[in-house]
Amino acid sequence: MQLQIINQIAKSITLEMTFDEMIEDVAVKLQRIISFDLMNLCMLDHGELLVKRELPKGTTVLKEGTVLDPQISWAWEVIRKRHFSIRTDIQNDGQAYTRDLKTIGMKSMVIVPVIARTGIIGTLNLGSKNVGEYTIDDANFLQQVADQLALLAEDARLYREEISLRKKWEDSYKIATVLMQEMEKRNLQLEIINKIAKNITVETSLEEIAGSLVELNKVVACDMLNLCFLEKENSIINNTVIEGGETQDQSISMCFVFDRVNSGPARVMSEKRIIVRPNIFEDPYTFPEDIVLAHLNIKSQIIMPLFVKGESIGALILGSHEPFSYKEEEIVFLRQVADQLSLCIENVRLYSEESMSKRAWEETFKAVTDMLIVINRRCQIVRFNKAVLELGRARNIIPQVGQLWYEYFDPEQYDHVQSLLKEAFEKGQPVNKRIHLPNGVIWDLSSYPIYNKDSIVNEVVVSIREVTERVNMEAQLIQSAKLAAIGEIASGIAHELNSPLTAIIGNTLLLERDAIIHPPEKGKLLDNIKKCGERCKNIILKLRAFVRQEKYSFEPINMNDIVEGALALVAYEIEKNNIRIIKNFARGLPEVTGSRQHLEQVLVNLLINARDSLQDRGIRNIYLTTGIEDRFVYIEVRDTGCGIESEHLKKIFSPFYTTKVMGTGLGLSISQNIAEAHGGKIAVETEIGHGSKFSLMIPVEEEP
């Protein structure tokens with residue numbers, strides 16, 4: 001009977017049975033051969049032993065879901081020993097783990113381990129209200145039932161897992177199929193976007209750009225396709241790609257002009273957002289072009305704005321004969337198309353602007369009257385303008401691109417151009433130079449470095465300007481300024497000459513009268529006469545040198561001597577205005593190379609300007625300071641005058657600009673030219689109400 005019961009259990013339990021159905025079937029069959037009032041199946045779950053099934057239902061203790069304590073649970077003891085256990089008289093048993101069994105009237109109990117192929121998975125427990133109900137034979141039989149139950153439970157678990165895995169695989173296959181279809185569609189969309197991008201080059205016209213969009217009908221509903229652009233006159237011009245129908249009288253064809261305010265394209269461009277019209281005839285939006293769409297049988301529509309740097313330039317419009325044709329995925333795709341299209345249109349526009357700029361630059365390059373030559377590091381002529389060509393024709397030398405530059409210039413010009421190029425290539429800074437040709441022509445040479453993408457100078461632009469007339473005019477202006485300055489210093493010269501002449505006359509009279517009476521004093525008086533006469537002579541010589549128009553004559557000069565020479569000419573004019581001159585000369589200044597007369601002229605102009613700024617001032621001081629800084633020897637002329645307004649400051653070196661009633665506006669302009677001719681400059685610092693400081697800075701000649 002036991003074997004029959006075991007066989008029946010094995011045959012009756014199928015893989016499709018639930019766990020509860022399996023336990024119910026086992027319990028019914030066990031009742032035929034073994035008596036029990038309580039049946040429990042305890043299972044291990046994540047390290048815990050809990051009551052998985054209990055018969056009969058509704059017991060007060062050891063009910064389904066109870067977690068058994070490992071310390072005081074009899075079932076845990078069976079699991080640890082992996083062997084069945086029998087209790088024949090529980091009521092008189094002193095074991096702590098039988099307390100719960102006593103409360104429900106159990107007097108005998110047998111527990112067997114349920115062992116599967118993977119290990120022990122739980123226990124099968126039978127209880128009876130009779131003393132001595134279970135024997136070892138009963139336990140052995142029950143162990144066989146438990147083993148069979150474990151095997152069937154394991155098979156059922158594996159079957160359920162297989163069913164679950166199969167369902168997951170089927171679901172995954174379905175998902176993979178859908179994803180593959182989506183991927184194929186996405187790849188096609190990307191292919192179309194790439195194709196559109198490749199077809200649009202920087203030389204493509206807007207009409208050709210519109211024509212490249214015909215590929216869109218492969219992936220989206222596209223019975224009508226339009227590309228609109230906002231023109232300069234604020235009108236929206238259409239470019240038709242795909243016609244919407246056969247009606248031609250009112251169709252949105254090429255050059256159809258949309259309403260600038262009340263139209264679909266106008267709305268998306270002004271609001272900078274997408275408009276989707278699932279069903280045009282039920283859409284709350286209405287536009288003037290809807291009448292045309294009705295003729296073309298367009299029932300759904302999507303309008304995408306085109307942006308370039310945040311500004312609307314147009315719209316992409318698609319229409320379909322079917323309502324609700326455009327879902328979220330189509331909207332995402334078309335947004336990408338619109339972005340790519342905007343980028344391509346921007347590239348076309350930038351290329352067009354660059355081409356226009358390049359043409360304008362080339363025309364400007366050709367039209368410049370100065371000679372412009374671009375020379376690379378290989379000494380080759382890269383580009384030249386019309387003025388260079390005309391000069392070459394006059395000398396029977398026609399310049400050519402690729403020609404070595406020194407083959408174009410005369411030998412007497414070679415050294416000057418060579419030094420100019422060398423300095424520009426080495427220092428990477430603009431270089432200026434003035435040269436005097438043997439035929440009397442004067443050139444201003446300038447070189448401007450051109451950097452490549454690696455910030456290396458690979459070409460130099462050489463600008464040649466003939467300034468013969470300008471230099472002669474400047475010389476005339478300098479002469480005019482000198483003559484104007486004569487009037488400023490005339491009274492000072494008269495005073496300077498009058499004082500020593502008075503001394504000469506007086507001393508001479510004294511000598512004539514008292515020479516016999518006081519012979520020892522005769523030597524001193526004669527010496528005084530000599531010094532005063534020499535003083536007059538020096539003043540007259542300086543005046544003649546100042547007035548005389550001379551070319552630059554460079555020689556080694558000490559800047560302290562320049563200050564003393566200029567003061568000799570204007571000291572009286574300054575002192576008669578109660579102006580105090582405070583000198584602070586640096587000792588041991590290195591000599592500079594320059595023209596003494598011209599540098600004294602600069603300082604005279606600066607001193608006269610300082611004097612004029614002190615009119616109506618309480619404190620009248622002029623500070624003269626010399627020194628050296630950054631290889632420049634400087635002379636500072638600082639006054640305590642009124643300062644220079646900012647609106648005048650940027651114009652003070654412009655020719656003929658003056659704020660003086662009787663001024664010529666040439667003093668500072670000529671002074672700046674003289675300083676630049678020496679390779680130096682004039683720096684200005686000013687503060688309203690506190691005075692100004694002009695610094696004449698002349699470079700110290702470097703060692704050869």
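Select Lys272 to begin: the residue is partly exposed, with a relative accessible area of 42%. Here buried means under 20% relative accessible area, exposed over 50%, and partly exposed in between, with a 1.4 Å probe and protein chains only. The model is a predicted one, in which local features need pLDDT of at least 70 and side-chain atom pairs count only at pLDDT 80 or more, while totals for chains, interfaces and linings use all residues. Residues are numbered from 1 along each chain as its sequence is written, and side-chain values use heavy atoms, with hydrogens and water left out.

**Lys272 and helix H7**

Lys272 sits in the loop between helix H7 (264–271) and strand E9 (275–277). Helices (H or I, at least four residues) and strands (E, at least two) are DSSP runs, numbered from the N terminus. Just after H7, the phi of Lys272 is positive, at about 55°. Most residues other than glycine have a negative phi, and most peptide bonds are trans.

Step back into H7 and colour Gly264, Pro265, Ala266, Val268 and Met269, which are buried. Then show the side chain of Ser263: at the start of H7, one of its oxygens comes to within 3.3 Å of the backbone nitrogen of Ala266. A polar contact is a pair of N or O atoms within 3.5 Å; within protein, one must be able to donate a hydrogen and the other to accept it, and residues adjacent in sequence count only if both atoms are side-chain atoms.

Go to Ser455, in the loop between strand E15 (442–451) and strand E16 (457–466). Its phi is near 60°, again a positive value in a residue other than glycine. Ser455 counts as exposed, at 58% relative accessibility.

Next select Leu55 and Pro56. The peptide bond joining them is cis, with omega near -5°. Pro56 belongs to the loop between strand E2 (48–55) and helix H3 (74–81).

**Helix H14**

Select residues 559–575. This is H14, with 17 residues and a reach of 22 Å from first C-alpha to last, close to the 24 Å expected at 1.5 Å a residue. The expected span is 1.5 Å times one less than the number of residues. Centre the view on Leu569, where H14 has a kink of about 55°. The bend at a residue is the angle between axes fitted to the seven residues ending there and the seven starting there.

H14 is mostly covered, with 12 of its 17 residues buried. Among them are Met559, Ile562, Val563, Leu569 and Glu573. At the start of the helix, a side-chain oxygen of Asn558 lies within 2.8 Å of the backbone nitrogen of Asn560.

Gly565 is also in H14 and counts as buried, at 5% relative accessibility.

**The nonpolar cores**

Which residues have the most contacts inside the largest nonpolar core? Select Met559, Leu603, Leu607, Ile622, Val637 and Leu696, in a core of 38 residues. H14, H15, strand E20 (621–629), strand E21 (632–639), helix H17 (667–677) and strand E23 (691–699) each supply at least two residues of this core. A nonpolar core is a set of buried Ala, Val, Leu, Ile, Met, Phe, Trp, Tyr and Cys residues joined through side-chain atoms within 4.5 Å.

Zoom in on Leu607. Leaving aside residues up to four places away in sequence, Leu607 touches Ala566, Leu567, Val570, Ile574, Ile622, Leu624 and Val637. Contact means heavy atoms within 4.5 Å. A second, separate core of 32 residues includes Ile9, Leu55, Ala116 and Leu152.

Move to Ser613, in helix H15 (residues 596–613). Ser613 is buried, with a relative accessible area of 16%. Not counting residues up to four places away in sequence, Ser613 touches Asp639, Gly641 and Cys642.

Then pick Ile504, in helix H12 (residues 468–514), which is buried at a relative accessible area of 18%. Its C-alpha is 6.8 Å from that of Cys532, 28 residues apart along the chain.

**The whole chain**

Finally, zoom out. The protein has 17 helices and 23 strands, and 43% of its 704 residues count as buried. Of the contacts with a separation of 6 or more, 59% join residues 24 or more positions apart.
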